[in-house]
Amino acid sequence: MDFNDNASQAEWRKEVATFLAAEKPKSDPDATPQEMMERGRSMMKEWRGKLSAKGWVAPAWPKEYGGAGLGVMEQFIMNEEFAEARAMNVGGMGTSMIGPTIIIHGNDEQKAEHLGAILRGEVQWCQGYSEPGSGSDLASLQTRAVRDGDDFVINGQKIWTSGAHNADRMFMLARTDPDAPKHRGITYFLMDMKSPGVTVRPLINLAGGHMFNEVFFEDVRVPARNVLGEINRGWYIGTTTLDFERSSIGNAVGQRQTLEYYMKFWKENQGTAATGSASTKAKDEFADRWIEAAVAKMLSYVVITIQSNGRVPNHEASIAKLFNTELSQRIARTAMKMTGTNGLLLGGKAPMRGRAPQSYMQTLSSTIAGGTSEVQRNIVATRGLGLPRA
């Protein structure tokens, strides 16, 4: 593994960093909440326009579909520089998940209908995979889609649907052949969230935030032309490699930046009421967390090195995901210890405006979302270490 950029990579890194330094939106710390909201909308539109002009809304998409046609290493460098600059990536699920899937499996009409709208930010997408009884064992899903003329009629439920309350469309899996083995008989649909019979209910997390939802389908009609790929072959489309770069470098950089914030606060407030006597207990833990943040970055380098050599990371990506999510929890616990009993406080009068306990509560779900730690460990054990299945 070479830790240094070659000449072309160094030039590309410089180009990205120079662009970010000149063009990244700048916030106004003196703005009122209303001004920040209004300015945020205009900044996002302006920022998307600048990225779109360079093909950077979806940098890994082929140029003929509005992307920049970047290879995995170029996208890795771009993601790393964006993370270091704390710059927003504006594409979301549209560019990272459903867009590449439509490019690979969609027909010409589906590409024309959806890809441009994704790049322009006109449509927000959500993912309809997990169900109350089908999370890690997704292939056991029971939401049914029955053919009725030119439509499919869908009944069932999805859960943990991120952003469904703001989404215009959902890409989803539903069972179309209940008699087939569970990995077969599943079809991939592109569904309008405004369709009659769709009900979205919020799921409020421990920290009081609303990101997840449960979605109910009652006789929802989806035109057959909105099937992506072959009927009853949706499982194989759903497991398509949806992102061209899965190193999690943004997460690794973010972990270090979070640590820098906490460490700065600890140094400036050690022994004060903001930290209390408990702050000295966090000193050694900060050293451990710093080392672990460096390890997270190295794991990202391992994944991208595998991809740049034309291979697909498997257990290596699971190791990076497992380590990053558990590290986020350890960092949050260290921050709680740093602030002592004050770490239980929320709101404006709390240390760091309650960032430590908010982070503690939010990171509890990080080892569940996107594949539980148990699933990741099983992948590492069987595919990485060659251990027998239980």
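Student: What stands opposite proline 202?
Tutor: Asparagine 213 in β7 does. This is a predicted model, where local features need pLDDT of at least 70, side-chain atom pairs count only at pLDDT 80 or more, and totals for chains, interfaces and linings use all residues. Residues are numbered from 1 along each chain as its sequence is written, and side-chain values use heavy atoms, with hydrogens and water left out.

Student: In which sense do β6 and β7 pair, parallel or antiparallel?
Tutor: Antiparallel, over 7 bridges between β6 (residues 198-204) and β7 (residues 210-223). Two strands pair if DSSP finds at least two bridges between them. Strands (E, at least two residues) and helices (H or I, at least four) are DSSP runs, numbered from the N terminus.

Student: And how many residues lie between β6 and β7?
Tutor: The hairpin has 5 residues between its strands, and glycine 208 in the turn has a positive phi of about 85°.

Student: Switching to helices: at what angle do α7 and α9 pack?
Tutor: About 5°, with the axes of α7 (residues 249-269) and α9 (residues 315-338) 11 Å apart. Axes are lines fitted to C-alpha atoms over the stretch in contact, and angles run from 0 to 180 degrees between N-to-C directions. So α7 is roughly parallel to α9, a term for angles under 35 degrees.

Student: Which residues of α9 make the contact?
Tutor: Asn324, Leu327, Ser328, Ile331, Ala335 and Met338. On the α7 side, the residues include Leu259, Tyr262, Phe265 and Trp266. Contact means heavy atoms within 4.5 Å.

Student: What is the make-up by class?
Tutor: The contact of α7 with α9 has 9 nonpolar, 5 polar and no charged residues. Ala, Val, Leu, Ile, Met, Phe, Trp, Tyr, Cys and Pro count as nonpolar, Asp, Glu, Lys and Arg as charged, and the others, Gly among them, as polar.

Notes
Angles under 35 degrees count as roughly parallel, over 145 as roughly antiparallel, 65 to 115 as roughly perpendicular and the rest as oblique.
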